[in-house]
Structure formats: structure tokens, C-alpha cells
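Please look through the structure below with the sequence beside it.

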Amino acid sequence: MNSFRYLFKEGLKNIFSNSLMSFASFGVLSCCLIMIGCSTLFVLNINEAFKSVESQNVMKAYIKSEATQQDIDALAIRFKEMDNIENSVFVSSDEALKSFTESNDDYAKAFESLVYDNPLPASFELTIKDLTKYQTTYNEVSGISLVEKVSSQYDLAQKLIGMRRMIAIISLWIVGLLALVSLFIISNMVRVTMHSRRLEISIMKSVGATDSFIVFPFMVEGILIGLFSAAASFFAIWYIYYNAGGVLMDTLGTQVIPFERLMVPIAVLFAVIGMIAGGIGSRMSIRKYLRSGGGSVYDAI
Amino acid sequence: MVQLKNVSKVYDNGTVALKDISLSIGKGEFVFIVGASGAGKSTFLKMIIAEEKPTSGEVLVNDYSINKIKRREIPYLRRTMGIVFQDFRLINKMTVYENVAFVMRVTGASPKSIKKRVPYVLGLVGLLHKAKCKPNELSGGEQQRVGLARALVNNPSMIVADEPTGNIDPKLTYEIIELLSEINRRGTTVVMVTHEHELIRQFRHRVVVIDDGYLIADDENNSVPDDTPEFYDYTAEYKYSMNKFGPDSIADSGKEGDR
């Protein structure tokens, strides 16, 4: 415990004794984190936009015009009892016309006469639980005698899911690559600081310091720089996102996900990447240095 | 303490540093290791501190076999000894006190024991009043005394000193050897590498002479006459004796009858 406290203090001290290097590491790591953040926020927003389309895991079962209210009630019960149907909503032909007229506001006048001779059939909007069993459910619903026709946007939804997956994979690669770049940069920065501390390391080894004793302060230093960078990048990305969101709203009328909703995952992501890049990056260099015979007692002469 | 059995060392570049050396240093001894530059003294020291492994033969130090020692065991071997360097090797950003305390921290000593032991050891080398100074505020002799305090602080069973007087004023040299002798009188083994033959004449300790990788003499009684002139060349004298009487005549005076 004494050693832990001492080594932690040493790591903290080292940040300030190598202030230039620490600042450079902090800067580079922050830049990487900001890029990671931008990429993540972009994906999350794309995801959100796609979600609304994907929620079209809805099939519409159009009901034959001869169906009575009793038939409709019976159908509602039947859909409710079906395993793969999450929810069913009845849309009467009047409601369908109203919704159609509203969505085509410019031609509202032209549709006025349709009120007396509504061509739109009543329907049930069925939300599917498990998309993999979509086809079975589709067949089952189509087989019901009172169902005229079943329509769905299944193919479109599937394509969008595929696109979303692709974007997620690409962005995951970007995040991964940037995290690796951060790790590499930190590990090189530590190599430079380590060089300036060769004598110290060699003295430590001569008096019987274990490798862990030597490595630990470097790791503390790396982790702390990682955390500082994470904090700075968090506030930077907040500022960037807030402003970019405003610009998008003004120009395209597109609403982005409020940052408050993404705060925690972004903070956690930054902290984790910062700590891993800082901690593992420094550990990697110093371990490699020690294992290749660095810090030997006569090394720094 | 230290045992070398038919030890040879050949470096990767083909340099033969030690040739079939056998030697034994017992507990509480004070041994001077003498030899010209490039004779193999440093390789000998490096083996003792497990920085190098022998190419052939066997080296035993404080119950550790240097041939078989694992990387993770080396720190524990080094904690059984204190190393004193020619260039002091003090950390300039730390005070004298911190330089000494640092060694205790490495071994996980408690702050309480550090507070007790460090002033005691600094007192022993006469530097308690300079505890708050930085190394670069001290003279060479004082810096080396800090080096000695650092080597002593963990109460090692052996001090390994690599030309500890090489970088200090001749007047202060005797002070350092006096201190080492005092430490030795208290029971600590001292192995000191030097090429200052004058010191060997002044301090009557065992002398081991290495030349061109060979152990050419192991003179337990330090039999050089008192009236030898200043800057007397030990190596040359032993080489001369060896040519005159053959290697056996010198080895006979050695403790273990090596070589």
C-alpha cells in the first residue's frame, strides 16, 4: 500500500517533470479522441435516423370490404393471439383516407370528393416481433380469408438494416484504428521520456527494483494523461456537437440526438480509450525497453 | 558469498573477457580486484550483479546461481548487495535524503522505517547535515559518500564498489576507503574494483589481479612490501613474478589456491 501510494505520486510528479512531453501526448491523444467522438456521434445519429425506417417491421393486412364489425373484432383477437405479432392496430378506411389526405396536403381539395366514395380499404397494422420469422407470419396472415392483401416494407427495412450495419462496421473500424493510433503515439512518446530517464531506471535496477516497480509510475502517468485528454475531448466534442447540431437544424431542419442523451456513453468511451491508450501504451514501451536489456546497471554510463 | 568455478566469458562479438577463472570470496572479506583497463574487471563485476551470465563455468552469489537465475529473481539478488559506482549515479532532482530513501522504497519499506534508517546511514557517512542538499551542491567525495549511504541503507551483506575513488580528489580517496573498511569491520563483505595501486599498498586487504581475462594472482595477505614506491604497478609486479616463478608460485599464496 505504501509502495502503491509512492508510485502513484511518482507517476503524477512525472507528468509535470516532463511537462512538454506530457502536453504533447495530451494534445495528440485529445485530437484522436475528438475524431473518435465525431465518428461515434455521426454513427449514432445515422442509427437514430434509420431506426424510424426500420420500425417498418410492420405489415399491413388489408381487409375485404365485406367484413363486418364482428369479423373485424374477431380478426383483432386472432392477431393478438399470434405469436410473432407484437401489436396490431386497426385503421378504418375513414382513418386511412384522413391520413392519406393529410400527408398529401397540397392536393387536399382533389381528395374531398373521396369522402363519399372512399376507395381505401380498412386495414390492420401488424408489428412483427421477430423479423427472422417474417415470412412465416406473412404467409399465415395472407391465408386468412378476410384478408384481401398483405403489404410490407420488409425488403426496404432489410436493406436499411444492412446499410446501418455496414456504417456501424466502418465506424467501428475507424474508432479501432484511431484507438490504435493513439496507443502507438503514446507508446512512442513514452519511449522518448523513458530515454531521458535512462539513468534513473538504471539506478532503480541496480538497487533491486522489480520491473513492475519501474513500470507502474509510467503507467500511472499514461493513464492520467489519458484521463485528462478524455475530459478535454469530452468538453470539446460537446461544444462541437452543440454547434454542429444548431447549424444542421438551421440549414436542413434536421434534428440531432440531444447531447444529454449521449453524454454518459461518450464520457465512458473517452475515459476507456484514454486510459487504455495511456496505460497500455506506456506499459508496452517500458516493458519492451526493459526486456531488451534497457535499464541495465551499466546502461547509462 | 561469491564463488566462481572455471568461469569464462565470451561476448557475442567474439571478445574473450574472462578465461577460466576460479575464485571464492567468503563472508566478511575485503577484496581488491585489480587490473588494467580491459583486463576483465568489469565483466567480473557484471557477473556478480547478474548483468552478464558466464559462457562456461559456474557463478554463485549469495546463494543465487548466476547461470540459472531468472529475470524476475535478479532484483532480489541485487537487494542482498549494495553497489557503489565510479560516477556516483545519484538522481540530481532528488535531495541527498531522497536518493538514499529511494532505495528503501524500492524494497517496499514502510515510511516509518525509512524515516528511522536514512538519517542513521547518513550519519554513518557524516552527511546528515547535508540531507536536504541536491547532489550537484556537493563535492565529489561527498557525492560518493551519498553513494555509499545508498549502498548501505538496505543493510546488504555485500558491497560491490566499481572504482569508487576514480572520480574524486586523491585526498578524499582515503576517506572513502576508510569508510568501506569500517563497513567491512562491521561484517559486510566488500568487493572493490580499482586500478589505484597506491590504495592497495595503504590498505592491507586481499588482492585479486586480473590481466587479459586471466586471474593472475590471488594474494590474500597483500604481500607487497611496505617500501614499494608510490604508483607501484601491482599487475606488472605479479606478471613479473609469474614469469619468474611460473603461475603456481603466485596461486600458492591465494586463499583457495586458485589457478
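**From chain B to a sheet in chain A**

Chain B has nine helices and ten strands, where helices (H or I, at least four residues) and strands (E, at least two) are DSSP runs numbered from the N terminus. This is a predicted model, in which local features need pLDDT of at least 70 and side-chain atom pairs count only at pLDDT 80 or more, while totals for chains, interfaces and linings use all residues. Residues are numbered from 1 along each chain as its sequence is written, and chains are lettered from A and ligands numbered from 1 in the order in which they are written.

Turning to the contact between the chains, 18 residues of chain B are in contact with 17 residues of chain A, two residues being in contact if their C-beta atoms, placed from the backbone, lie within 7 Å. On the side of chain B that touches chain A, helix H2 (74-78) and helix H3 (96-106) of chain B each supply at least two residues.

In chain A, four strands form an open antiparallel sheet in the order S2-S3-S1-S4, with strands taken to pair if DSSP finds at least two bridges between them. Strand S2 (85-91) and strand S4 (147-152) of chain A stand at the edges with a single partner strand each, so one side of each is left without a neighbour in the sheet. Within this sheet, strand S1 (residues 58-63) and strand S3 (residues 123-128) of chain A pair in the antiparallel sense over five bridges, and A:Tyr62 stands opposite A:Ser123 in S3(A).
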